[in-house]
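Please look at the sequence and the structure shown below, and keep both in view while reading the paragraphs that follow.

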Amino acid sequence: MSDSVTELMYLFYVAGLVLALCLAAYAAYWSFDLRRALKVRAYSRQMLLVGSFTIYGVVLLALFYLVYFLAPNLQNSPILGFQSALYILLPPIIFAWLDSSLRVGRRSDPLLRDSFRWSKLRMVLWPLLLLSLIGYLVQGNLSVIGLLSYVILAVSVVPLIVTARRSGDRYYRRSLEWFGVALAAIVTQNIGFATLVQGLGTGIVYSPSGFIWAILANFVDVPIVFYGAYLCARSLVPLNRISLES
Amino acid sequence: MVSSGVPALDQILGSDGYPDKSAVLVVGPPGIGKEALGYWFTQTGLVQGDFCLYVTRLSVREVLQDVKGFGIDMQQKVPLWLSSDGGQIRYDVNDLAGLSFKIKEVLKQNAGRRIRIVIDVLSSLLMLNQPETIYKFLDQLLADAKQYDVVLLVTLEEGMHKTEVLAAMQQLFDGVVELRLYEEGLKVIPLLRIRKMRGVPPQPGYYNFAFSKNGMVLSAYVR
């Protein structure tokens, strides 16, 4: 592969990183600012989770770039282990976000319906999720037990969709739509990252398909995740502007 | 006059609080803390020996959790709860006539006392019924309530109903207190505004509000 193509790839990576970091910082800022303004625990918790997710994303992303691109010699250091441990936290963080969204959604249902008895179901899913992560940590690879966490996440999306349909709050529904966009981007970004990490070892990242995945994962997907998180936070409640007459 | 339970708000309203025999609507987006005005209003009433009725769409356990979150102590004296889950009196949110009957019964039983009623079920009722039906229901309920020494505080969610429905609801009430989030540059500011209040001159100003352990803190908003 020629030097100019490699340089172009690095340029894309850096541009993607800068864009993602800016969007993540903006999303975190709005989430925490809205959290300060919202006083009901369910809503402020929701904002806290969106903010925490973006900060987590920034740390994860920064470590990824550090280990794989900026300082590859660190791949044998404990930083790689820390980065892997952080990566394992992705399912519980998303699940906490999902759980919180469901609890907010129930409050906006005029009949206060507990979709799929979520208040009880979550008591089962949380320990299962944590168990699957412990299993993943012990086994050290993404085995069946590790995949369970992703199955739990996929299953939990169903009550969320039902809750959204039952909710009478159009702002909540819009916020969930953006949550869905962020979630979809996380899924595709994970596939892209997997290809990228695998490719770094085998060299297929420099093949045309690896190149496209890498760009999609870093330059397009990651910013979409954070932009989705930003709009998810911002659209949860109506924001007004003071008119000049006032 | 009946104290709102928030000294700073009483001051804005002319030092004594809400007018006697009045119905006040508190409008705001979900999560902003409208209910807290209801909690302080109830707590102050309980301390002053008024009869307090709290009509809620949430379970009593959830309301008490919220109350605790605002640092309000409602352990010693409790209002009469009218709730679909956990209250002394149960109601079905789909049964408007039943709800109206139960509130009127409580009013009759406590005639002669000063009564404070907080209703936080209006948004649910509006989502389950035609706005015209709720308009008539409220109109009748407020007319009946005014035969007694009652001050009613009703909360309504912004963002769940059409603008014209919100405007129509506001017409029914003697007072409207608005709690909203405003965007100013890169900041979100929660502001309170008295849209109208019977016996109080129109107030165009906005007030910054915050919640502390001692209650709600209000200060005039300057851009």
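Among contacts in chain A between residues at least 6 apart in sequence, what percentage join residues at least 24 apart? The share is 73%, where two residues are in contact if their C-beta atoms, placed from the backbone, lie within 7 Å. Before going further, note that this is a predicted model, in which local features need pLDDT of at least 70, side-chain atom pairs count only at pLDDT 80 or more, and totals for chains, interfaces and linings use all residues. Residues are numbered from 1 along each chain as its sequence is written, while chains are lettered from A and ligands numbered from 1 in the order in which they are written.

Chain A has eight helices and zero strands, these being DSSP runs numbered from the N terminus (H or I and at least four residues for helices, E and at least two for strands). Of its 246 residues, 35% count as buried; a residue is buried if 20 or more other C-beta atoms, placed from the backbone, lie within 10 Å of its own, exposed if 12 or fewer, and partly exposed in between.

Two packed helices are described by the angle between their axes and the distance between the axes. In chain A, the axes of helix H4 (residues 90-107) and helix H5 (residues 118-139) come within 11 Å and cross at roughly 175°, with axes taken as lines fitted to C-alpha atoms over the stretch in contact and angles running from 0 to 180 degrees between N-to-C directions. That makes H4(A) roughly antiparallel to H5(A), a term for angles over 145 degrees. H4(A) contributes A:Pro91, A:Pro92, A:Phe95, A:Asp99 and A:Leu102 to the contact, and H5(A) contributes A:Trp118, A:Arg122, A:Leu129 and A:Leu133.

Turning to where the chains meet, the contact takes 24 residues from chain A and 27 residues from chain B. On the side of chain A that touches chain B, helix H1 (3-37), helix H2 (41-70) and helix H7 (170-202) of chain A each supply at least two residues, and the largest share, three residues, comes from H1(A).

One residue of chain B, B:Gly31, lies in the loop between strand S1 (23-28) and helix H2 (34-48) of that chain. B:Gly31 touches A:Leu38, A:Lys39, A:Val40, A:Tyr43 and A:Val237, not counting residues up to four places away in sequence. B:Gly31 is buried, because 26 other C-beta atoms lie within 10 Å. Although B:Gly31 and B:Glu157 are 126 residues apart in sequence, they are 9.3 Å apart in space, C-alpha to C-alpha.

Technical notes: Parallel < 35°, antiparallel > 145°, perpendicular 65-115°, else oblique.
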